[in-house]
Amino acid sequence: FFGRLREVLGDHPNIRIVGDRFVFQSEVLFPSGSADIEPEGERQLVQVAQLITRLAEEIPNDINWVLQVNGHTDPVPITGRYASNWELSAARAIAVVRLFTAHGIPPARLAAAGFAEFNPMDEGDNEEAYRRNRRIELKLTQS
């Protein structure tokens, strides 16, 4: 399943494959400081949901799989609607989970987690590093 997903999503310009995760940069999906999915990001995520739904039909019933949606932020303190980067990262992951359930992925096959700034991909202290760290990751796992 992961291999097939990797084959299909591997050429997508806004998705990077890092180890066992598919990484979407948050700028593609969300406005700064928001968990409201942008129209272009929604189109991309709907395509991913449709693909996952089709590929899931090939997974044997005895495999209890879960698609974990992980939200990440940069270390810049947040202002506005969310009290912290924890809340923002979790809200973004939940927004993606809701979109996936609306497009056919069973809720029992999804999990949402917020990591805030505490699991960076890039340890740098500059805008480029911050941009890489603002992301949503999809990870296929077993429950």
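## Basis of the description

The model is predicted, with local features requiring pLDDT of at least 70, side-chain atom pairs counting only at pLDDT 80 or more, and totals for chains, interfaces and linings using all residues. Residues are numbered from 1 along each chain as its sequence is written, and side-chain values use heavy atoms, with hydrogens and water left out.

## Packing of H3 and H4

Helix H3 spans residues 39–56 and helix H4 residues 85–102; helices (H or I, at least four residues) and strands (E, at least two) are DSSP runs, numbered from the N terminus. The two helices pack at an angle of about 55°, and their axes are 9 Å apart. H3 is therefore oblique to H4. Axes are lines fitted to C-alpha atoms, for helices over the stretch in contact, and angles run from 0 to 180 degrees between N-to-C directions. Angles under 35 degrees count as roughly parallel, over 145 as roughly antiparallel, 65 to 115 as roughly perpendicular, and the rest as oblique.

On the H3 side, Glu42, Leu45, Val46, Val48 and Ala49 meet Val96, Leu99 and Phe100 of H4, where contact means heavy atoms within 4.5 Å. The residues of this contact comprise seven nonpolar, no polar and one charged (Ala, Val, Leu, Ile, Met, Phe, Trp, Tyr, Cys and Pro count as nonpolar, Asp, Glu, Lys and Arg as charged, and the others, Gly among them, as polar).

Threonine 73 is placed in the loop between strand S3 (65–72) and H4. With 4% relative accessibility, threonine 73 counts as buried (buried means under 20% relative accessible area, exposed over 50%, partly exposed in between, with a 1.4 Å probe and protein chains only). The threonine 73 side chain reaches the backbone nitrogen of glutamate 117 at 3.3 Å. Beyond its neighbours within four places in sequence, threonine 73 is in contact with Asn85, Leu88, Ser89, Ala116, Glu117, Asn133 and Arg134.

Alanine 116, one of these contacts, lies in the loop between strand S4 (110–114) and helix H5 (127–133). Alanine 116 is buried at 1% relative accessibility, and has a positive phi of about 50° although it is not a glycine.

## Glutamate 137 in strand S5

Glutamate 137 belongs to strand S5, residues 135–142, and is buried, with a relative accessible area of 1%. Its side chain makes polar contacts with the side chain of histidine 72 at 3.5 Å and with that of arginine 135 at 2.7 Å. A polar contact is a pair of N or O atoms within 3.5 Å; within protein, one must be able to donate a hydrogen and the other to accept it, and residues adjacent in sequence count only if both atoms are side-chain atoms.

Not counting residues up to four places away in sequence, glutamate 137 touches Arg21, Phe22, Val23, Gln68, Val69, Asn70, His72 and Met121.

Glutamate 27 lies in helix H2, as does valine 28, the helix covering residues 26–29. Both count as partly exposed, glutamate 27 with a relative accessible area of 36% and valine 28 at 22% relative accessibility. Glutamate 27 touches Arg131 and Arg134, leaving aside residues up to four places away in sequence.

Isoleucine 59 lies in the loop between H3 and S3 and counts as buried at 11% relative accessibility. Valine 28 and isoleucine 59, 31 residues apart in sequence, are 30 Å apart in space, C-alpha to C-alpha.
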